[in-house]
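Work through the exercises below with the structure on screen. Try each task before you read its solution.

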Amino acid sequence: MSADEAPLLALERVAVSYGGIQAVKGIDVVVRKGELVCLIGANGAGKTTTLKGICGLLPLKSGHVRYDGRDVTGMRSFRLVRRGLVMVPEGRGMFGALTIEENLAMGAYIRDDRAAIRDDVERVFTLFPRLKERRRQTAGTLSGGEQQMLAMGRALMSRPRLLLLDEPSMGLAPLMVHKVFETIIAVSGEGVTILLIEQNAKLALEVSHRGYVMESGEITLDGEAAALLHNPKVRSAYLGEAL
Amino acid sequence: MDTFIQQLVNGVTLGSVYAIVALGYTMVYGIIQLINFAHGDVVMIGAMVAYSVIAVLVGAHVSLPPLAIVVIATLFAIPVCMAVGYALERVAYRPLRNAPRLAPLITAIGLSIVLENIALIIWGRAPLPYPQIIETVTYRLTSHPDGATITNVQVAIIGISIVMMAGLLVLIYRTKIGVAMRATAQNAQVAGLMGIDVNRVISITFIIGSGLAAVAGVMDGSYYGVAHYQMGFILGLKAFTAAVLGGIGNLGGAMLGGLLLGVIESLGAGYVGEFTNLCHLSGWSHALALRCVSDPHLALFGSNYQDVFAFVVLILVLVFRPSGLLGERVSDRA
Ligand SMILES: Nc1ncnc2c1ncn2[C@@H]1O[C@H](COP(=O)(O)OP(=O)(O)O)[C@@H](O)[C@H]1O
Ligand SMILES: [Mg+2]
């Protein structure tokens, strides 16, 4: 990864607040093309709020979001998707009453190339065979892990350039967590740039190139993931180890 | 028996119109949880525009078959209503998207008054005799000479309604924009994360509902033979009742609710006189018996009470099953 390459995503002093409460307090984050970057931090640190600010789901109080060389601050989410910036929201955001196929079709909403879409559906099914068996069932009938796979498969259907993942392992059984992280590595390996939010700091740092640590709305640490993994502060605060 | 069949035929006809209008209510509710009380007035605008087009074509002695004239009139009314429905959402409801729910509701009632007054200015206060240019043909349904009948207009209303409902279901369940509409109804924010322009989907929903309303307006005008600037009020309330009866937000529910309401109303109107006939009580009162000699149909309530049934149904549903026949309980909504 060459450090001088133009970043695909850059947050510049981004602040987001809920009414008077400032949940994100002017943070700087950079994600370069092809990178897998994680943003870790305790519950309530402001990670989800940051992603929502990037995606246009929450207005920024101040600061800028630059994506692919453009200032996209405040751009509505559906327009960002059309530029390749796609988020898998916390809680997976299933259309529970739609079938698995329909959910995937919605993932490909911005595309018109029917044949290629069909191929991509098959690719998602190869990645997650469980989904293929249940393609005509409604997404609401899936287990949490299957829903997470559908959520990621659905996001891939748009052929994203930058994927924002909000706690993909939340509430999943260990086996499923493993599968989710395998998928993240595979998707990253195909060249998709990823910003990963996780509470499972250890796993997140193990798969990422770089990481940011967020505390009470501020970035308190950042660096190479391997270095963070060995940082005593990180080890004690997030990896559950005594100093 | 023949009264029953006759009222059933009338009820299904009426119910088809209610169902088409109810679909407009339920689609909008399903996607933005708004009860668009101006929807009945969009139906009225459809009836009025078609009225004017027919009047002009007939007045100009155009040599077209009557059916073609009605079709042309309807094809005029549809885009006008679509434009009205689009404008209502764009100008009035969209700015209130995140306002407390009472605000859009009051706005809807205000818009209804606005549309009625626009119609009042354009078409006047008097009921307009809908040009009955299509000759009514009556078909007998039973062998009995005074038996139940169905007219070509009734057949057309029922047939067109079925085609439109089927078309709508295909659109909603088989096309990309239809799936996007359902996705947006479930979770608009996530729909946006799929690249769906939620505002566009909402506009399309209003446009489709208003197009259906235009056709319903022409059907209603043709069936009753009159159009009036306030005709949308009661029709709208009944269609709303139908939507609630079926389960608001549910397409199948709107269809079922519309048909049921039409049938309940017709059967009610057909039998209420008989059930409340005071002459059954002649044995109890000499004075009553005397009056019944001259007026054997002396009844407490007549078929003019038809409109009451819809509202009795509305109250009963709201009290005993607010989620409607096919609706999920509100708490079940994801
Ligand atoms: N809708 C909201 N309204 C008010 N405060 C909120 C809202 N959502 C989150 N918060 C607050 O903002 C802070 C950051 O929340 P969040 O971004 O969800 O944290 P994380 O994703 O890191 O767990 C928390 O203190 C939380 O209580
Ligand atoms: Mg979160």
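**Exercise 1.** Task: find out why the radius of gyration of chain A agrees with that of a compact globule.

Solution. Step one: take the rule, 2.2 Å times the number of residues to the power 0.38, with the radius taken over C-alpha atoms. Step two: with 243 residues, the rule gives a radius near 18 Å. Step three: chain A has 18 Å, so the two agree.

Before going on, note that this is a predicted model, where local features need pLDDT of at least 70, side-chain atom pairs count only at pLDDT 80 or more, and totals for chains, interfaces and linings use all residues. Residues are numbered from 1 along each chain as written, chains are lettered from A and ligands numbered from 1 in written order, and side-chain values use heavy atoms, without hydrogens and water.

**Exercise 2.** Task: state what share of chain A is buried.

Solution. Buried means under 20% relative accessible area (1.4 Å probe, protein chains only). Buried residues make up 54% of the 243 residues.

**Exercise 3.** Task: list the residues around ligand 1 (a heavy atom within 4 Å). Then find its polar contacts (N or O pairs within 3.5 Å).

Solution. Step one: the shell includes A:Tyr18, A:Ala23, A:Asn43, A:Ala45 and A:Thr48. Step two: the side chain of A:Thr48 places an N or O atom 2.7 Å from a ligand 1 oxygen. Step three: for the side chain of A:Asn43, that distance is 3.2 Å. Step four: A:Ala45 uses a backbone N or O atom, 3.2 Å from an oxygen of ligand 1.

Notes: Polar contact = N/O pair within 3.5 Å; in protein donor to acceptor, adjacent residues only side chain to side chain. Buried < 20%, exposed > 50% of the residue type's maximum accessible area, 1.4 Å probe, protein only.
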